[in-house]
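Please work through each task before reading its solution.

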Amino acid sequence: MDKHIVALIPLDTYDQPRVDEAVREGLALLGGVEQFVRPEEKVLLKPNLLARALPQKAITTHPAVFSAVCRALTEAGCTHLSYGDSPGSPTTTPDKAAETAGIAEAAAQYGLQRADFVSGSVVPFPEGRTAKSFYLCKGVQEADAVINVCKMKTHALERITGAVKNLYGCVTGVNKATGHAAYPNSDVFADMLVDLNRCIRPRLHIMDGVVAMEGNGPTSGTPTPMNVLLFSADPVALDTVFASLIHLDPAAVPTCVYGAKQGLGVMDAESILVRTPGGDLTLPQAQEQFGRSDFDVYRGTLEKGLLFKVMPLLPFLQHRPKADMKKCIACGVCEEACPVPEKAVHSGKGKKAKYDYRKCIRCYCCQEMCPVKAIEVYRHPLTKLLSGK
């Protein structure tokens, strides 16, 4: 059985020289950057620029990691380099997000151009299982090769956001909201994300897990050290290693499950080899050596136990976004982010967030975009009992 390799480099600092060396070492463990791109190709770097946030918030890819990847590509002779992402917030432009995150400065140092992540067009993908086309940013369409420089974080809808999920930023802003409405639950949304990955076909995935985000991610969680950089050509294997390091069953991560089903990558522990500077490890060995069992991520489920015996209670027990009125500033961002045409939440002009759960599709775009961390995912206490957890 072929082993899908995930390189793991221990790293406990964003000190630039050490990050440069760590990225160089990680790429070397996979055979070198020349295994993935050629000097004459147009290479697009896709960091996580979800929102306008400072690097220490752990919301975006750290500029030290992004800079190290730029340096490695430049040293390999790549001269046609660009970067970009389409933020999820309706109030943030790609330029502002990149500048605040420190990515723009790092890119300028190596002469990277800002790719067009504002305009785009429909790209047919007839072989898609769930999605038959995508409205892709122009910058993505113009690239010969994409390198995915993602961030290790929790996610309300998919439990974690890593390599597979980060590609959603290749869809232009307004069309991301449309996608949430069209694919309104974690399973179908994950299946669509796998189609998106198959459509774009990134050559390499690099995950910034030096400081990750736990808890109420992907924007309102807590920065926490995981002290690793991960590298792989297989996004499913990489996300499986991420899940294993935080002691989360990969089978509970929809993007891993559907990624494996569609052949995007593997999530079977026996098929994954974790390659480190100290030697090759199995997934359980990597978890024991580098993992954290206390990482704050949702581990429960509504799919097991007694739940289906009490289906009439389901509307009252479903997870849902909930605003803390003490934190809410009535800014209206949650309403703007809501992809439902009739809007499931109303806010702004002095009025704090108010939900109509009959319309809510539980996509958690409101929670993801709230600038003051006022929205969390409410989970009824009975769901723990009913799920057998």
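A crossing is left-handed if the near helix is turned anticlockwise from the far one by less than a right angle, and right-handed if clockwise. The model is predicted: local features need pLDDT of at least 70, side-chain atom pairs count only at pLDDT 80 or more, and totals for chains, interfaces and linings use all residues. Residues are numbered from 1 along each chain as its sequence is written, and side-chain values use heavy atoms, without hydrogens and water.

**Exercise 1.** Describe how α9 and α11 pack.

*Solution.* Step one is the geometry.

Step two is the class. Angles under 35 degrees count as roughly parallel, over 145 as roughly antiparallel, 65 to 115 as roughly perpendicular and the rest as oblique; α9 and α11 are therefore oblique to each other. The crossing in which α9 passes α11 is right-handed.

Step three is the contact (heavy atoms within 4.5 Å). Thr240, Val241, Ser244 and Leu245 of α9 meet Leu283, Ala286, Gln287 and Phe290 of α11.

**Exercise 2.** State the angle, axis distance and handedness for α1 and α2, then list the residues that meet.

*Solution.* Helix α1 (residues 16–29) packs against α2 at about 55°, with the axes 9 Å apart. This pair is therefore oblique, and α1 passes α2 in a right-handed crossing. From α1, the residues Gln16, Val19, Asp20, Val23, Arg24 and Leu27 take part. Their partners in α2 include Pro63, Ala64, Val65 and Ala68.

**Exercise 3.** Which residues touch the most other members of the largest nonpolar core?

*Solution.* A nonpolar core is a set of buried (under 20% relative accessible area, 1.4 Å probe, protein chains only) Ala, Val, Leu, Ile, Met, Phe, Trp, Tyr and Cys residues joined through side-chain atoms within 4.5 Å. The largest has 42 residues, and Leu45 and Leu73 touch the most other members. Helix α2 (residues 63–75) gives the most to this core, with eight residues. Not counting residues up to four places away in sequence, Leu45 touches Phe66, Val69, Cys70 and Leu73, among others. A second, separate core of 33 residues includes Phe125, Leu157, Leu196 and Val236.

Key: Axes are lines fitted to C-alpha atoms, for helices over the stretch in contact, and angles run from 0 to 180 degrees between N-to-C directions. Helices (H or I, at least four residues) and strands (E, at least two) are DSSP runs, numbered from the N terminus. Buried means under 20% relative accessible area, exposed over 50%, partly exposed in between (1.4 Å probe, protein chains only).
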